[in-house]
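Trainee: Could we go through this one together, starting with the rings and then moving to a helix?

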Amino acid sequence: MKAVGVSRFGGPEALAVFDLPEPHAGPGQVRVRVHAATVNPGDRYLRNGFADVSAVRPPYVLGAEAAGVVDEIGPGTVTGLRVGDRVMAVVVPNESTGGAYAQYLALPAQRVALAPTGSSHSQAATLPMNGLTARLALDLVGLAPGQTVAVTGGAGAVGGYVVQLAKAEGLTVIAVAAPADEELVRDLGADLVVGWSGDVGRSILQAVPDGVYGLVDTTGVGAAAALAVREGGSFSSTVGGVDSASLRQRSIRSHTAVFTQYLDDVAHLDRLRSQVEKGELTLRVARTLPAEEAATAHRLLDTRGIRGRMVLEF
């Protein structure tokens with residue numbers, strides 16, 4: 001099968017196409033014929049050699065989410081899926097199953113769910129990992145309807161999902177975004193858009209003087225943004241931890257949202273699918289490219305000007 005990854009770590013130029021043996025579905029697994037795999041910022045960690053790859057052999061195949069068609073169901077697998085179903089899947093690329101940039105994936109059945117009705121493979125591929133990350137980040141701040149949440153990077157893929165999930169739950173959303181992205185973020189449902197500045201936390205406080213009940217940081221601003229959280233509130237980051245000691249002094253709960261915490265409960269994926277079908281979540285594909293052009297996709301990713309996600313097609 002065709003797969004894209006690295007045999008040596010480095011920049012986009014390290015990416016190559018490999019011919020690898022096809023995996024087959026074992027007990028508890030389904031096999032997906034992949035038609036689309038999303039290019040995400042986190043893919044660079046494996047590409048650059050910053051991820052733990054001790055569980056896999058080179059070449060290291062990248063990618064954390066994919067969409068395609070079920071073409072095998074392993075013996076004894078308990079699942080409502082059937083051969084021929086259009087599905088989306090969440091993948092851990094540094095586990096033995098390998099990454100999503102491949103024509104075939106054999107995965108635990110609980111990591112595969114039906115794709116949203118009416119979505120293309122490329123659209124569906126942008127939901128599993130990004131959506132689970134957003135879902136977890138919002139769950140960790142644990143707010144009630146009517147409370148206010150701030151979201152950094154509201155125009156990004158994860159940030160956009162957080163904005164929409166929060167609105168679906170009756171929260172008031174303050175999104176941090178560049179002026180050029182204000183219309184996009186308002187269309188996603190943000191009640192107020194705050195521009196980027198040298199001091200994001202103080203900018204949010206200018207708009208909400210009493211502070212917000214919770215904040216989801218999708219950009220790594222960290223403690224500077226957490227300044228906007230009122231005492232006793234909560235903070236979650238999708239890109240790493242913050243100085244939790246300073247937050248504890250203000251009785252602010254701090255969390256790091258890593259999608260693997262929601263990995264093996266397919267109900268989370270099914271819930272995201274349902275919300276797309278209800279119109280509560282928008283699937284945003286910035287560009288599709290053939291799998292052979294993965295290096296081009298990664299170069300574009302490094303420009304940081306992409307809105308939505310780029311998707312490789314197999």
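Trainee: Is Phe9 buried, exposed or partly exposed?

Mentor: Phe9 is partly exposed, with a relative accessible area of 37%, where buried means under 20%, exposed over 50% and partly exposed in between, using a 1.4 Å probe and protein chains only. Keep in mind that this is a predicted model, in which local features need pLDDT of at least 70 and side-chain atom pairs count only at pLDDT 80 or more, whereas totals for chains, interfaces and linings use all residues. Residues are numbered from 1 along each chain as its sequence is written, and side-chain values use heavy atoms, leaving out hydrogens and water.

Trainee: Which ring does Phe9 form an aromatic pair with?

Mentor: Phe9 pairs with Tyr60 at 5.4 Å centre to centre, and with 10 degrees between the planes the pair is stacked; rings of Phe, Tyr and Trp (its six-membered ring) pair if their centres lie within 6.5 Å, and planes under 30 degrees apart count as stacked, over 60 as edge-to-face and the rest as tilted. Tyr60 itself is buried, at 13% relative accessible area.

Trainee: Switching to H9, which residues are buried there?

Mentor: His268, Leu269, Leu272, Arg273, Gln275 and Val276 are buried in H9, a helix being a DSSP run of H or I with at least four residues, numbered from the N terminus. Seen down the axis, these buried residues fall within an arc of 165 degrees (taken from the directions from the helix axis to the C-beta atoms), so they line one face of H9.

Trainee: And what follows H9?

Mentor: Gly279 follows H9, and its phi is positive, near 85 degrees.

Methods
Helix = DSSP H or I, 4+ residues; strand = E, 2+ residues; numbered from the N terminus.
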